[in-house]
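Subject: Structure for you to look at

Hello,

Here is the structure for you to keep open while you read. My notes on it follow below.

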Amino acid sequence: MAAPLTLLLIVAVTIRAVLFRSSLAELISARVEVVSPLNAWKRVVEGLALLDLGVSPYSGDVFHETPLMIYLFHFTVDYAEIVFIVSAYFVDCLSCFLKPLDRAKMAINSNYLKSDLLFNFPGCCELISWFITIIVCLCFCKFHFLCTCKYTDVRLCHQIADGITALALYLSIQTYNKDVFRKQKYALESDRYSADCLELLRSPKEMFYIPLKVAMFYLLNPFTILSCVAKSTCGLNNAIIALFIFCTLKGSALLSGILLALATYQSIYPLTLFAPALLFFLQRLYIPVNLRRSSFWFFTLQYAFMYVGSLVVITGLSFFLLGSWDFIPSVYGFIFSVPDLTPNIGLFWYFFAEMFEHFRLFFSCVFQINVFFYTIPLSIKLKEHPVFLIFMQIAIISIFKSYPTVGDVALYMAFLPAWSHLYRFLRNIFLVSCVLLACSALFPVLWHLWIYAGSANSNFYYAITLLFNFGQILLVADYFYAYLRREHHLTHGLYLKKKDGTEATLVLK
Amino acid sequence: MGLLSDPNRRKALTGLLTRLNTPICIVCYLAGIVWFMGLAFEPFTLRTYMSENAMGSTMVEERFSSGERALSLAKEFDPPSACCGLNGMPVEWLVKAMQSRGLEVFTQSFSRKLPFPDENKERYMVRGTNVYGILRAPRAPRTEALVITAPCSPGNTNNQAVALLLALAQYFRNQIYWAKDIIFLVNEHDLIGTQAWLEGYHHTNITGMEYSPLQGRAGSIQAALSLELSSDVITSLDLVLEGLNGQLPNLDLANLFYAFCQKLGVLCTIQGKLQRNDWDTAEGYTHAAQTMMLMVLKQACGRSWGDHGLFLRYHIEAASVRGINSFRHYKTDATTIGRLLEGMVRKLNNLLERLHQSYFFYLLPSLSRFVSIGYYMPAFGLLAVILLLRALDLWVHLGAPALAAVDGVTEPSSPGVLTVLTPVVISHLTGVALYLLPVHLQEMAVEHFPVSETEAVVLTAIAIYTAGLALPHNTQRLLSGEGTEQGWKVLKLTALLYLAVLLGCTALINFSLGFILAVTLVPITASITPHMPKALYAVVMVLLSPAFTILYCVFIYQELIEAPVSVSEGWMLFLSVISQGILDHALYGSLVYPLLALFIYPCWLMFWNILFWN
């Protein structure tokens, strides 16, 4: 599997490198769909310049990245070589460190799971091939950026971020698939599935390419490419979330807590991923979700402590780096109160531009609660399926957050191949594909008509924004329905009968 | 949402749409055409009205009286110094004349080498000078400006317009009510000069023009009027609105012109056609339909039909006023035209913000009637929905395997996707060749064939276009073997959605272009399958291809302006239209040529591929 992934990485890097060099890069980095006030590279450069001058980067109203991020870039620009080596080492460690764990578990499982051999090439061979993959990719990256201007290294950083995300997603989905397969095996052995739903079961053959497809959906998705070429810091946030998912699926509660804290620190919203991660660990450790059990509370508190602890450490670190608490209002206040109404693909800007000022607080509360609110019903409904819950949460965040960009959309779209078995239950996929395709094409057209030609106005653009979000919501709802329906069929049989013997249909109400 | 979530109703709806697909499509197509033709029928259109408050209620009094002086000035300007003769524009005379009228005068020189010689206007290396004078506003901070421009190009006797401009400048100088700077611009080499001046004014360089920077400037330009009086005797005034890429100025500008024509009793036309009052007769309807069709054709070709067209790109509302000598019984003197311009400029002077109240998307069947976007878009929508219905039909028939193609992310291991990807890539490469090669290969072509550069460019374009018909389906067959039934369906589904998105975007930017392309492309693309009689359908497809669409448009246009042409003349016109299209793209950044070459033509080739699938 390493060879196609290497090829994929090389292709992805080449596309990005070509675009970085072309004149399109400047055009793309000015698009409002691709960069938001939070993650625009222009603003990061401004923050860097202020930092170099010894002024607080938050003293103007331009820069809204977190302190750690700006120090990372500060460091990257100055010591590109070291970061380069470290990140290579980091990626290496990541795959090497986790492989042995994997194999140990596999050894236990392989007694009753012959087909798992498909996933598990002889371990050392795979290790070597991973190593080669990474070295080749990084050399390739470096080769692309031999010509250096001051900020070329940063492009490298963005590329690496995309690469890490894809790798992490790849490995997570691989792990997840193994999990799913194991569970399916157990369920089959214990006769929990009804007899006529054999065709719903997943075979290792069809699951074999899914991790690769996930990586491909992420790396070759035009949205990701645009986001990377625009040097939006969204790619780095995605990388953190992907690593968090990876660590969670690998069962490392500490790393997962730290990364979740990091993701929360970056943009607050990933806070809602706490619930699925917790559910996943509970399930993994066979702790029932029962409020009366002390083991449940013990683990929950343990995980919450790791999470909150690392959040406090990270925030404290930012304070010590920066020497002031300026960043709290400038980053989190900016996310919550939405003062910048530059049009984007989200739902906030138009609404808040139209609204009377004295309703502002009320509506910003309503809009923000909207993002977090779905966690509770979804966690209750999907408590047996935390990974799907993670997907739902990421999608909801990227639809309802205050400054969404296409980079956020790309992250949850990368998961779609993992649910390819739900395809037969999807109802509106044609409609949704058409809507999303048309909207992606219409965004720049209506922007042109509004801003440059002056003949259209903001209503046209907002109409497309609404349609785009409608498409996304429909997509997520459709996958949710399909997932529940498959689970229902697995237990109740594929061909449902009504009481009077006629064929029954399932309706989501 | 009941329709989307209730499985039984969904099933019924899908069943209905797939079973009755062909009849629904035919009905939609006919309804689209009928709707469009109905737009010219007067009861279906709206009467124009002035939306802008600042221009409506404040009536102004026109006092300009030096029309005779302007005519004598025109005579002085014309024969000895030969304004538009061989020596180019008499820059010094103009500078002196403007200075003596109390303007701040500046000149700007520019030069531009065309990618290939323009045979219509006989120019290749263009070198010229723009002269402009600024009348500073006495009543307000100088943050806003208006522009009056008169082109003065070789071979085109526009001396009357220049003289009228000077006379107006002299008159305006003595008035105290100006709140906006007024710029009087005399530009050489019509559009190229305007382009150089606008780029200089806004500090941009988007077309690779060489020009000297502007020495003096006024505030941000709010509106512009271009004046062209080509004949000594003016009987009526024609308003030209169509700008670059089919962009139109705010409808209030047309309303303003119409209001003053009514007030001063000047005959006014649009597309050179007078207004008729007998809308309920067949002739009346035909007249309105012809006027609207002319507007659609002119808008669709995406070129700037007067100097005003380039202003629109900079968000400046602009129109051209053109003097015409055709209705013998009426004669309009220079004083009246001067008063008309005075009135328009004074009302524009009253503006508090840019013109934005009225419509930007409209069609005009006559000067007093208009069709807004809400009325004409359904005509296009009815055509576009056919593509979606066919796509839905195919989707239902295909079932599962089409997912990969629709999401745009493809799977390298599956041969099904490769068969689709190959024709798509090859079609687009042909499109890129059609876009790049004609201009780049002209030297080679001139060396080897006895043709001029312009002919070389046009003929290369036609040759590549024709070669594209032979190339893709052969290559595709070599690469991936025999096509399967699934294969062409997936390809057609992709192509249909692609075309729908493409036409939709085009129609939003330039409705006319989108509609014309939809009328010719939709029927054949919706019905094409590999199981049809190949020879017959190949002929039909070629006859409905984009290039033939241009040819038909040329003939229809000539018919509508009452100058019908023979087939050979029409062919020559067609060739010149292509060269003009390529030149417009290179000189002013018109988007029609790249759109056709890079998107529409490859998309059409994909359907061509489907016809020859096996």
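UniProt positions are given here in the numbering used in this email, feature names are shortened, and annotations may be inferred rather than shown by experiment. With that in mind, the unreviewed UniProt entry places the feature "transmembrane region" at residues 20-41, 373-396, 416-437, 457-475, 495-524, 536-558 and 595-613 of chain B.

This is a predicted model, in which local features need pLDDT of at least 70 and side-chain atom pairs count only at pLDDT 80 or more, while totals for chains, interfaces and linings use all residues. Residues are numbered from 1 along each chain as its sequence is written, chains are lettered from A and ligands numbered from 1 in the order in which they are written, and side-chain values use heavy atoms, with hydrogens and water left out.

Two of the annotated spans, in terms of helix and strand (DSSP runs numbered from the N terminus: helices are H or I with at least four residues, strands are E with at least two):
- Residues 373-396 of chain B are 100% helix and 0% strand, with the end C-alpha atoms 33 Å apart.
- Residues 536-558 of chain B are 91% helix and 0% strand, with 29 Å between the end C-alpha atoms.

Next, the sheets of chain B. Two strands pair if DSSP finds at least two bridges between them. Three strands of chain B form an open antiparallel sheet in the order E1-E12-E11. Strands E1 (46-47) and E11 (362-366) of chain B are at the edges with a single partner strand each, so one side of each has no neighbour in the sheet. E1(B) pairs with E12(B) (residues 369-372) over two bridges, and B:Leu46 has B:Phe370 as its bridge partner. Helix H13(B) (residues 373-398) lies across E1, E11 and E12 of chain B, at about 55 degrees to E12(B). Such angles run from 0 to 180 degrees between N-to-C directions, and axes are lines fitted to C-alpha atoms, for helices over the stretch in contact; contact means heavy atoms within 4.5 Å.

The other sheet has nine strands of chain B in the order E6-E2-E3-E5-E4-E7-E10-E8-E9; it is open, with mixed pairing. Its edge strands are E6 (210-211) and E9 (268-270) of chain B, each pairing on one side only. E6(B) pairs with E2(B) (residues 104-118) in the antiparallel sense over two bridges, and B:Phe110 is bridged to B:Tyr211. Helix H22(B) (residues 567-588) lies across E2 and E3 of chain B, at about 135 degrees to E2(B).

Finally, three helix pairs. Angles under 35 degrees count as roughly parallel, over 145 as roughly antiparallel, 65 to 115 as roughly perpendicular and the rest as oblique.

In chain B, H19 (residues 511-527) and H23 (residues 592-611) pack at about 10 degrees with axes 12 Å apart, and are therefore roughly parallel.

In chain A, the axes of H12 (residues 253-267) and H14 (residues 294-322) come within 8 Å and cross at roughly 45 degrees. H12(A) and H14(A) are therefore oblique to each other.

The axes of H11(A) (residues 234-250) and H12(A) also come within 8 Å, crossing at roughly 155 degrees. That makes H11(A) roughly antiparallel to H12(A).

Regards
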